[in-house]
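Let's take a walk through this structure together, one piece at a time. Keep the picture open beside you as you read.

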Amino acid sequence: MCQGPDLGRARLARVPELPEVETVRRGLAELVVGRTIDWIDVLEPKCFIGDPAALTGHVFAAARRRGKVLILDLDGGLSLVAHLKMTGQMVFRGGGAGPDAPGVSADPAEAVQRSHNWGAGHPTDSLIGDLPDRSTRVVVHFTDRAALYFNDQRKFGWLALTRSDQVQRVPLIAKMGPEPLEGDPWPEFRRRARRHQGTSIKAALLNQEVVAGIGNIYADEALWHARVHPATRVGDVSDAKLKALLAGAAASMELSLSLGGSTDRNYVDAEGRRGAYLDFAEVFRRDGQPCRRCGREIVKTRVAGRGTHYCPKCQREPRA
DNA sequence: CACTTGACCTGTCCGC
DNA sequence: TGCGGACAGGTCAAGT
């Protein structure tokens, strides 16, 4: 297939953060809930924690999410916890067309398969080819011949089998901060952010113990919305600005979430250009382009060890 | 304890 | 055209 010059960058930017994981969750809730596991094929041992054989015969009962972590509950008090990290994907394939006809799957399966094409770096991008492929790490085979593929080119992601009542004991989940899109996260976010007065606000936003689900993209977006320089010490950020940061992150994620359903459709146009996922971005990967508020050129630097995009006019240096 | 840096990986891009 | 190296980023371990 033809690969435009921007395709590589576009893929890298599609790291699953909260909105992307939520979109995957919704798809899985529709497709795997109610299905019975036949067996689990672990192609990359480091990507599956626990005994895969213990899952045979169990039925998916619900699909939940905590921050960027997926939680798939099964009957019998078991849960499959999953983290996509940077390049993980969950790709469902129905068995409607039969096991020997991988390319002619039924409509529903294909539709959801596309909507699950988050994450990055798949050879064929908007339309995944035959599975398993070389990035497939785990395959959940269902009794009806359907299958759920966990793909992850970089092997950072994982699936872990745990007892449902132990899910909140998973280290990452146990310490996780409030959900930014549920209830009123502000009091808890403020409390937790104030524990890290000495670090940069960007590092604090990326810290899952401060607030759940924010990654590099939405951290940069939130900072732009709130007009805060990413290197500002948390101690120098007012409560009003902290609140604006939380609101900015939420707004950006809500927008992304609302685009999630349509992103797959025109993700890569005929020229292989970037997809709709970037339409909500004000600064991320927009270095060299004008700020949509003031026209100043967006710059890229490094803060908290991460590529960081901001507007030098709207988001002034701390110091003073 | 607070905070920073490196490791984990692989694919892609850039300069030579 | 090919090759080495930088880079991408979520989380954890190890370091200051």
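Two strands pair if DSSP finds at least two bridges between them. Helices (H or I, at least four residues) and strands (E, at least two) are themselves DSSP runs, numbered from the N terminus. With those terms in hand, look at S1 and strand S7 (residues 136-142): five bridges join them, and they run antiparallel. In this pair, Ile37 faces Phe142 of S7.

A word on how to read the labels: residues are numbered from 1 along each chain as its sequence is written, while chains are lettered from A and ligands numbered from 1 in the order in which they are written. This is a predicted model, where local features need pLDDT of at least 70, side-chain atom pairs count only at pLDDT 80 or more, and totals for chains, interfaces and linings use all residues.

So how much can you trust it? The score to watch is pLDDT, the predictor's confidence in each residue, from 0 to 100. Chain A has an average pLDDT of 83, and 79% of the residues score at least 70. Where pLDDT is low, the predicted coordinates should not be read in detail.

Now for the overall layout. Chain A holds eight helices and eleven strands. In chain A, 65% of the contacts with a separation of 6 or more are between residues 24 or more positions apart.

Back to S1, then, and the sheet around it. That open sheet has four strands in the order S1-S7-S8-S6, with antiparallel pairing. S1 and strand S6 (88-93) sit at the edges with a single partner strand each, so one side of each has no neighbour in the sheet. On average, neighbouring strands here are turned by 15 degrees against each other, direction ignored.

There is also an open sheet of five strands, with the order S2-S9-S5-S4-S3 and mixed pairing. Its edge strands are strand S2 (48-49) and strand S3 (60-66), and each pairs on one side only. Helix H2 (residues 18-31) packs on this sheet, touching S3 and S4, and its direction makes about 170 degrees with that of S3. (Axes are lines fitted to C-alpha atoms, for helices over the stretch in contact, and angles run from 0 to 180 degrees between N-to-C directions.)

Follow S5 in this sheet. Six bridges join strand S4 (residues 69-74) to strand S5 (residues 78-83), and the two run antiparallel. Val69 has His83 of S5 opposite. S4 and S5 form a hairpin with three residues between them, and in the turn Gly76 has a positive phi of about 75 degrees. S5 is also joined by six bridges to strand S9 (residues 158-163), again antiparallel, with Leu78 having Arg163 in S9 as bridge partner.

Is S5 buried or exposed? Five of its six residues are buried, so S5 is largely enclosed by the rest of the structure. Buried means that 20 or more other C-beta atoms lie within 10 Å of the residue's own; with 12 or fewer a residue is exposed, and in between partly exposed, C-beta atoms being placed from the backbone. Of the 320 residues of chain A, 45% count as buried.

Helix H7 (residues 216-226) is mostly covered too, with eleven of its eleven residues buried. Just after H7, Arg227 has a positive phi of about 60 degrees. Further on, Val237 is found in the loop between H7 and helix H8 (239-263). Val237 counts as buried because it has 22 C-beta neighbours inside 10 Å. Beyond its neighbours within four places in sequence, Val237 is in contact with Ile201, Val228, Thr232 and Leu242.

Finally, which residues come nearest to DNA strand C? Of the 17 residues around it, they are Lys68, Leu172, Gly215, Asn216 and Gly307; a residue is near if its C-beta atom, placed from the backbone, lies within 6 Å of the strand. Helix H4 (171-174) and strand S11 (306-310) each supply at least two residues of this surface.

Methods. Two residues are in contact if their C-beta atoms, placed from the backbone, lie within 7 Å.
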